Amino acid sequence: AQAEKAGHRSVVMAASRLELNLVRLLCRCEAMAAEKRDPDEWRLEKYVGALEDMLQALKAQASKPASEVINEYSRKVDFLKGMLQAEKLTSSSEKALANQFLAPGRVPTTARERVPATKTVHLQSRARYTGEMRNELLGTVGPLPGSCPSMCGVSRVTGPRLVDEKQSAAELDLVLQRHQNLQEKLAEEMLGLARSLKTNTLAAQSVIKKDNQTLSHSLRMADQNLEKLKTESERLEQHTQKSVNWLLWAMLIIVCFIFISMILFIRIMPKLK
């Protein structure tokens with residue numbers, strides 16, 4: 001009993017240590033995602049891959065956390081993975097669209113957090129992609145060569161003519177509205193597909209259930225017919241044996257009767273002179 005308790009305690013400690021390492025690495029990844037990173041930064045992607053491996057190992061543990069905790073860890077890891085995939089897209093509109101489909105964590109990773117870090121990262125990335133879309137629409141670029149140092153960091157409007165600020169804002173609102181309409185349309189299509197899939201699944205289940213009932217009834221009828229066939233076969237065999245026995249006895253009786261009759265006939269009738 002002591003050995004079993006010690007083994008159980010070691011399993012719990014291993015699971016707790018694995019979960020503690022996962023939480024630490026998750027906090028580190030959330031902090032790196034909130035910071036401004038270079039395009040060539042590769043550590044965050046490697047860390048997220050390690051998080052996936054640790055999460056799979058935690059799910060395989062015998063003494064693992066509750067399902068709600070596991071789902072929250074999976075939600076945050078999927079968010080970080082989706083954020084990295086969105087950053088690899090070329091167009092800012094595609095990045096913004098992919099970012100809106102991401103689902104950040106609902107619960108803070110540590111007790112010191114008031115708001116989940118992934119939610120903060122989600123808002124920051126959304127603002128950044130919206131700013132990039134605005135810059136693309138307005139056609140802004142960096143400082144022109146030969147400009148004074150005091151003008152560094154100030155964007156200049158290029159093109160054959162200056163774009164009116166109100167018109168640009170209206171175009172930006174129009175693009176954002178199109179993206180929103182596209183999202184609503186995609187959501188409606190996905191909802192319709194889900195409903196259609198559910199209806200088809202229920203119909204298929206009903207058909208399969210009826211087929212199973214028909215097959216079960218057919219099997220029962222086949223078993224009953226087989227039992228009846230065996231019974232009738234046995235009765236027929238017994239009847240055949242009885243018929244043969246009676247016929248044999250009848251023939252023996254007839255032969256004996258004829259034999260006795262012949263003897264009596266010979267003795268009774270006078271001999272011919």
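**Contacts.** I started with sequence separation in this predicted model. Among contacts with a separation of 6 or more, 64% join residues 24 or more positions apart.

**Fold order.** Next I went through the secondary structure. I found six helices and two strands in the chain. Along the sequence I read them as α-α-α-α-α-β-β-α.

**Confidence.** The average pLDDT is 77, and 78% of the residues score at least 70. Helix 3, residues 67–87, has the highest confidence, at 89. Strand 2, residues 156–157, has the lowest, at a mean of 42. I noted two stretches where the pLDDT is below 50. Over residues 1–14 it stays below 50, and I count two contacts there beyond near neighbours in sequence. Residues 140–163 are also below 50, but this stretch has 19 such contacts in the model.

**Burial and surface.** I turned to the whole chain. It has 273 residues, and 18% of them count as buried. I put its accessible surface at about 21100 Å². Carbon and sulfur atoms hold 60% of that area.

**Helix 5.** Which residues of helix 5 are buried? I listed A117, T118, V121, H122, S125, Y129, G131 and M133.

How values were computed. Residues are numbered from 1 along each chain as its sequence is written. This is a predicted model: local features need pLDDT of at least 70, side-chain atom pairs count only at pLDDT 80 or more; totals for chains, interfaces and linings use all residues. Side-chain values use heavy atoms; hydrogens and water are left out. Buried means under 20% relative accessible area, exposed over 50%, partly exposed in between (1.4 Å probe, protein chains only). Helices (H or I, at least four residues) and strands (E, at least two) are DSSP runs, numbered from the N terminus. pLDDT is the predictor's confidence in each residue, from 0 to 100. Contact means heavy atoms within 4.5 Å. Accessible areas come from the Shrake-Rupley method with a 1.4 Å probe; for residues, only the protein chains shown count as cover.
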